[in-house]
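Please look at the structure below before reading on.

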Amino acid sequence: MIPELLSPAGSLRNMYYAFAYGADAVYAGQPRYSLRVRNNEFKDVETLGKGIEEAHRQNKKFYLASNISPHNDKIRSYLRDLAPVIEMRPDALIMADPGLMMLVREKWPDMPIHLSVQANAVNWAAVKFWHQNGIERVILSRELALDEIEEIRQRVPEMEIEVFVHGALCIAYSGRCLLSGYMNHRDPNQGACTNACRWKYQAHDAKEDETGDLVPVQTYIPEPQPVTEPVLLQQAQRPGEFMPAYEDEHGTYIMNSKDLRAVQHVERLAAMGVHSLKIEGRTKSHYYVARTAQVYRRAIDDAAHGKPFDMHLMDELDTLANRGYTEGFYRRHPPKDYQNYEMGLNNAQQQQFVGEIVDARDSVITVDVKNRFETGDTLELMMPGGNSRFTLKTLSDKHGKAISAAPGSGHRVKIPLDQPLPESALKYGLLVKDIHG
């Protein structure tokens, strides 16, 4: 089976780039009813309609996230707000709440429903239950091992299976967290998470006051000092069990999960019959969407043609800004070659997105600059048809005057190339530069 590549679409632009770089489908959500409550383009129903229409025009699919755990006040408006969206015929609703599913089933019985990861399906019996209740696809919890996914697939072959392969991980159980709601009354299960698990924290000595409350011993907060070595935390009742904590000049982040990267498991996931491989990141940039779609598209195509996994695909994902990568729960003990790789034996460069290609004539590209770059930089030109790397030797402003640097956002510059660009690069070409440590 060749699995579907499913990319995030936080905007129409992101959707276009996802499709250009190889995604088969995208998922988006109306802010009020999905787990990204912040405003985005799809708050506007007309924009949402444009996205669905364009996806279908390209013979792609568009799934709508409708996966909050609503309180009563949102149930009152849910069906009213969903009605015009259903008329636009999204390919499925991604849902977590059984009550909302019931209401949708009653009003629109033909509307396909995919079970959100927020519903925490972690075993084959739960998957079978949801299939018997009319669900077409289950997005499995991120906390499953490869062997567990395979058993679910074998025991419930009639259910479509979707799994996450890339992006941010939640320190709580597949996103069911109370930390943000507890600390600042922003409920993650309503889409309002403030990522309190990723804030920086400082430890201070404390004592009980006369009422029994804990108060700091001193009110003076010293400037945090940089720590170059990690420390190991040990819980008193678990001697010999250590958890690493990394601290820098900004603070300590003991709850900050690494990002998921499972491109190395695409071949096995495809072989076991997983229907869809999902990339997290509806709030990420179009560059992130393009890069991840491009890399996972190649991994899927290589697997489909029986080619061995190319470790360089991991390098390409390393170039994206990330919190460090992990396989999550897919394997408890990666093989030795992967352990060596994770310890830094690769030579991946960090990269920065620096511009979009807005014109290409006579082997000269015009770049809408987003971040500074200059002559001597090593650049990579990303295109849907393939990438090319080069050292920037000459550069000119939009009038053709020679310059040594593209200053930053708001400028347009011209770069001569060795050969003309394909037409696709004119619309979806991106320019990135290597960052030297």
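## A pair of helices

In this predicted model, helix α3 passes helix α4 in a right-handed crossing; a crossing is right-handed if the near helix is turned clockwise from the far one by less than a right angle, and left-handed if anticlockwise. In the contact of α3 with α4, seven residues are nonpolar, none is polar and one is charged. Here Ala, Val, Leu, Ile, Met, Phe, Trp, Tyr, Cys and Pro count as nonpolar, Asp, Glu, Lys and Arg as charged, and the others, Gly among them, as polar. The residues that meet are I75, Y78, L79 and L82 from α3 and L100, L103, V104 and K107 from α4, where contact means heavy atoms within 4.5 Å.

Helix α3 covers residues 72–87 and helix α4 covers residues 98–107; they pack at about 40°, and their axes are 11 Å apart. Axes are lines fitted to C-alpha atoms, for helices over the stretch in contact, and angles run from 0 to 180 degrees between N-to-C directions. The two helices are therefore oblique to each other: under 35 degrees counts as roughly parallel, over 145 as roughly antiparallel, 65 to 115 as roughly perpendicular, and the rest as oblique.

## Two buried residues

Q30 lies in the loop between β2 (25–29) and α2 (45–57). With a relative accessible area of 10%, Q30 is buried (buried is under 20%, exposed over 50%, partly exposed in between, with a 1.4 Å probe and protein chains only). Setting aside residues up to four places away in sequence, Q30 touches F42, V45, L48, L64, A65, D81, L82 and V85.

T292 sits in helix α9, residues 286–304, and is buried at 0% relative accessible area. Apart from neighbours within four places in sequence, T292 contacts H166, I279, L317 and L320.

## An exposed residue

H312 belongs to helix α10, residues 312–318, and counts as exposed at 51% relative accessibility. Its C-alpha atom is 9.7 Å from that of V295, which is 17 residues away along the chain.

## The whole chain

The chain has twelve helices and 25 strands; helices (H or I, at least four residues) and strands (E, at least two) are DSSP runs, numbered from the N terminus. Of the 437 residues, 47% are buried.

## Notes

Residues are numbered from 1 along each chain as its sequence is written. Local features need pLDDT of at least 70 and side-chain atom pairs count only at pLDDT 80 or more, while totals for chains, interfaces and linings use all residues; side-chain values use heavy atoms, leaving out hydrogens and water.
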